[in-house]
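Subject: Structure handover

Hello,

Here is the structure for you to work with. My notes follow below it.

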Amino acid sequence: CLRILEHISEAENNIQTYAGRPKGTVRINCPVTFGSIILAPIITDFLNSNDDINIDLVLDNNLIDPLHDHFDLVIRIGELADSELIARPIGEYEMIFCASPDYLEKNTIPDTLESLMNHSCLGFRYGDIQAHRALGIDSVAFNKQHVRLASNSGQVLKTAAIKHTGILLQPRMLVKDALENGLLVEILQEYAPTPMGVNLLYKTKKLPLKTRMVIEYLLATIKR
């Protein structure tokens, strides 16, 4: 049955390629913050220019198996394991420490990673992985047993930081507006984790025209 479906899909792709009119749905899996901030507006612009292609975008921080799951494209942040997947680099993911000016005025500004243990920290939940391992930092201050607030939502932690609850370690893209508006202040720049690579993954070079069009659009737009 699977073989028959593959033949049908290949035949449909050949027809669309010859006709030069791709159509259908492209399924994408992406981490939440990157998908919400970077991918969402790009996908919207793509849809506005391509009436016959639909996007099924799933934002999820849980690791999936890109080789065997049903997604056409997967965006992955961080080091990639060796696999048969094709990886196209599309950027870097920069994490920074920050807090509100009011919090820093009342609690002093930490000047080392060790001093974070004397502060209220706001920690992202990385499933079963502790924060110091997920982020590659030499501090356990953001591990679940030490934080004032733990959440699997960066937006929740950002809101708490703006309301003077503690120190945040989150993507620059998430807190950029709060930094520009003076609601948050970047600290400990010299201790920030090494930026992680962002890659677009797919299973084979033999792709439907609709998927190739999405890939080309993402590569051209994100790298601009």
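Buried here means under 20% relative accessible area, exposed means over 50%, and partly exposed lies in between. You will need that cut-off for helix α7, where L209, K210, T211, V214, I215, L218, L219, T221 and I222 are buried.

Please note that this is a predicted model. Mean pLDDT for the protein is 88, and 88% of the residues reach 70 or more. Confidence is lowest in helix α1, residues 2-19, with a mean of 51. It is highest in strand β9, residues 185-187, at 98. Where pLDDT is low, the predicted coordinates should not be read in detail.

Helix α7

This helix covers residues 209-222, 14 residues in total. From first C-alpha to last it spans 20 Å, close to the 20 Å expected at 1.5 Å a residue. An α-helix has 3.6 residues a turn, so residues three or four places apart point the same way. Keep that in mind when you look at the buried positions, among them V214, L218 and I222.

T221 also sits in α7. It counts as buried because its relative accessibility is 16%, and the cut-off is under 20%. What does the side chain of T221 reach? It reaches the backbone oxygen of Y217, at 2.7 Å.

Aromatic pairs

The structure holds three aromatic pairs. Two are described here.

F46 and Y217 form an edge-to-face pair. Their centres are 5.3 Å apart, with 65° between the planes. F46 lies in helix α2, residues 32-49, and Y217 lies in helix α7, so the pair ties together parts that are 171 residues apart in sequence. Are the two residues buried or exposed? F46 is buried, at 2% relative accessibility. Y217 is partly exposed, at 26%.

F97 and F142 form another pair. The ring centres are 5.9 Å apart and the planes meet at 45°, so this pair is tilted. It links distant parts of the chain, 45 residues apart. F97 is in strand β5, residues 95-99. F142 is in the loop between α4 (131-135) and β7 (149-151). Both residues are buried: F97 has 0% relative accessibility, and F142 has a relative accessible area of 3%.

The sheet

There is an open sheet of five strands, in the order β7-β6-β8-β5-β9, with mixed pairing. Which strands stand at the edges? They are β7 and β9. Each has a single partner strand, so one side of each is left without a neighbour in the sheet. Neighbouring strands are turned by 35° against each other on average, direction ignored.

Strands of a sheet pair through backbone hydrogen bonds, either parallel or antiparallel. For β5 and β9 the sense is antiparallel, over three bridges.

A loop contact

E79 is in the loop between β3 (73-77) and β4 (86-93). It is exposed, with a relative accessible area of 80%. How far apart are E79 and M196 in space? Their C-alpha atoms are 7.3 Å apart, while the two residues are 117 apart in sequence.

Best wishes

Key: Residues numbered from 1 in each chain as written. Heavy atoms only, no water. Helix = DSSP H or I, 4+ residues; strand = E, 2+ residues; numbered from the N terminus. Expected span 1.5 Å × (residues − 1). Buried < 20%, exposed > 50% of the residue type's maximum accessible area, 1.4 Å probe, protein only. Phe/Tyr/Trp six-rings, centres within 6.5 Å; stacked < 30°, edge-to-face > 60°. pLDDT = per-residue confidence, 0-100. Polar contact = N/O pair within 3.5 Å; in protein donor to acceptor, adjacent residues only side chain to side chain. Pairing = 2+ DSSP bridges. Axes fitted to C-alpha atoms, helices over the stretch in contact; angles between N-to-C directions.
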